[in-house]
Amino acid sequence: MSFVEPTAAVMIALEQDAFAVDLVRRARAFLKQLQRADGGWGIAAPDDESGWMTAWAVWALAQSDDDVAQRGVQWLLNHSGLRVTDPKEIERVKQVLKIDATITGWPWLPGDAAWIFPTALALLALNAMRIHEHPREQEAIQYLLDRAIPTGGWNIGNPFMVTGDLPPTVENTALALLALDAYAIENEITRRARAWLAQENFTPTAFEWAWRAWYWTRSKSQVSDLKASEEYANRALVALKELQRADGSFDGNPFTTAIAAMTLDV
Amino acid sequence: MTNFKISRRALLRLALGGGIIAGGAVVYKQTESVGFDKWARWMLRGQAARFAPASRVALAAVPSYDADVLGAIRALWRDANAPDLQNANVVVKPNLVDYITERPCYTMPQVTAALLQFLREEVRVKSVVVAEGTTFRRDPHALLIQTGYRDMLARQRVAFVDLNYDDLVPIPLRGGYAKMDKLFMARTVAQADALISVPKLKTHHWTRISGSIKNLFGIVPGVKYGFPKNTLHIQGIDAFLAELVDSLPTPKRFALVDGIVGLQGDGPLFGTPVASGALVGGGDFLAVDATCARLMGLDPAAMEILVFMAWAGLGQIDANRIELRGVGLDTLRKNYEPAPSA
């Protein structure tokens, strides 16, 4: 089964490569074919509901198919995560999850709360469409900053749950940083997140290295310590290549392989 | 002027009819949110379940993960009257929610390893895979390494299937509990002959208990429903889990609960260990979870998720409707600290 996410990610990675023209053309056709009547995308052909994949498709088609991507942008702007308005509930959520529930971003699916990954992805998609001043973007940036873990990085959504701090996860941290970099947001939160991402006290898997490689290879223009950034990128790329399987994949997973592919054109 | 007279019998009939109509109106109003027809179907099935044979649940004492787990599973399988899985394609679904140092929040690989060995060598299943769709992390590989599953699976030569990225199969939802008419499920589960839910014995801050039923959240693909599949929580955790139990497409099912070391307090992640020294098994997920609650010194009748499903006839939670076999419940019971209310 072909999915939107790896297709879009590989398309973004290979868009400038001359040898991949035919691949990119087929990927474009696949994505355009899967656009739903409401302008959004599901995750694959059997999925009859638009959701977070819309951001991936908009980003992938931003350069080549403006009219198609614009319909996706409208879908994104028409959907947001749940927003809590009841003062008692706002206070309860503050205690249980340590977040400001009045600020929202993008959900995985309509009707859900907002989460880090779809919010960061939507920001990157809108940035690719050269939209930078929309109030939804400004709120989404505030959302990411509000949900950051005090010691650095992002978990899937809230930084705390009931009695315990949640740990950062690489995909959410890397994607949130990419999004904030795209909007030139630089502060103590992004510096702490970058410091966490630079640590190497994690279990070395292709997934962990692929996200780090993607971030460090893309962040060069944003990071003040360029030399350190290049060093992190090189280390991640070397480690990532060592984990490539004989069949060319990373962990046999098209999603992880697509993220790894993001680093191949640098 | 006509003298209109009404007999006492007619008056009683009128009062009775009026009472029935008024009662019906109240029930209709009370059930409006879900629909009277659904409510009546659930209620009637729940009443019918009172006359069904008791569900059998087996308990075994296993003092540590170095003890004879295989022997205990063999006894449980027999005592719980497990389904015949010879030549079946089986999916074993442990709980790999996360890895946090000193927090025993996941099913230990020793239990899953012994189950795999038992299924292949003694039950003689046709095929078996270990499958999970993690909720807090998009990728399970680090978890598999940290929890010891990668090495265990390599030794057992059993494949791991990431249910978050499996092909999607739409499953019609027949229960009507959640406001969904279908659910996408991982093909590996949807096409299996049997599903064995292998959860950890633990408390949970949303559902009070995290047992064989809550463990089913992992069979839903995260790539569709997001991480941590919150879209389904929005449907109401109780309603959605009832839907999963009612509509599970695998014809045969069994639950094996790792209670050798359980987790108390703030489950599913941040609780503290309790050496319960127990394994629990059975084919009725509800009866297994109700027994797990009692094993933790908690009252299943105070757990909405179990009460609702039992009322709807999806299994048994009444101690009088559960036939316990193996080691006595009182022998293994440890009083767990309940999860904090969230």
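The model is predicted, so local features are given only where pLDDT is at least 70, side-chain atom pairs count only at pLDDT 80 or more, and totals for chains, interfaces and linings use all residues. Residues are numbered from 1 along each chain as its sequence is written, chains are lettered from A and ligands numbered from 1 in the order in which they are written, and side-chain values use heavy atoms, with hydrogens and water left out.

Let's start with helix α8(A), residues 170-182. Helices here are DSSP runs of H or I with at least four residues, strands are runs of E with at least two, and both are numbered from the N terminus. The end C-alpha atoms of α8(A) are 18 Å apart, which agrees with the 18 Å that its 13 residues should span at 1.5 Å a residue; the expected span is 1.5 Å times one less than the number of residues. Of those 13 residues, 12 are buried, where buried means under 20% relative accessible area, exposed means over 50%, and partly exposed lies in between (1.4 Å probe, protein chains only). Among the buried ones are A:Val170, A:Glu171 and A:Asp181. The cover over them includes α6, α7, α9 and α10 of chain A, with contact meaning heavy atoms within 4.5 Å. Just after α8(A), A:Ala184 has a positive phi of about 55°.

Helix α10(A) also has 13 residues and reaches 18 Å from its first C-alpha to its last, close to the 18 Å expected. It is largely enclosed by the rest of the structure, because 12 of its 13 residues are buried. These include A:Trp209, A:Trp211, A:Trp214 and A:Trp216.

How do α9(A) and α10(A) pack? Their axes are 11 Å apart, at an angle of about 130°. Axes are lines fitted to C-alpha atoms, for helices over the stretch in contact, and angles run from 0 to 180 degrees between N-to-C directions. The angle makes α9(A) oblique to α10(A); under 35 degrees counts as roughly parallel, over 145 as roughly antiparallel, 65 to 115 as roughly perpendicular, and the rest as oblique. The contact is formed by A:Arg194, A:Trp196, A:Leu197 and A:Ala198 of α9(A) with A:Arg212, A:Tyr215 and A:Trp216 of α10(A).

In chain B, the axes of α10(B), residues 237-247, and α12(B), residues 304-311, come within 10 Å and cross at roughly 50°. These two helices are therefore oblique to each other. From α10(B), the contact uses B:Asp238, B:Leu241, B:Ala242 and B:Val245, and from α12(B), B:Glu304, B:Ile305, B:Phe308 and B:Met309.

Most residues other than glycine have a negative phi, and most peptide bonds are trans. The table lists some exceptions.

| Site | Feature | Value |
|---|---|---|
| B:Phe227 and B:Pro228 | cis peptide bond | omega about 20° |
| B:Gly267 to B:Pro268 | cis peptide bond | omega near 15° |
| A:Asp251 | positive phi | phi near 60° |
| B:Glu102 | positive phi | phi near 65° |

B:Pro228 is in the loop between α8 and α9 of chain B, while B:Pro268 is in the loop between β10 and β11 of chain B. Is A:Asp251 buried or exposed? A:Asp251 is buried, with a relative accessible area of 18%, and its loop runs between α11 and α12 of chain A. B:Glu102, by contrast, is exposed at 72%, in the loop between β2 and α4 of chain B.
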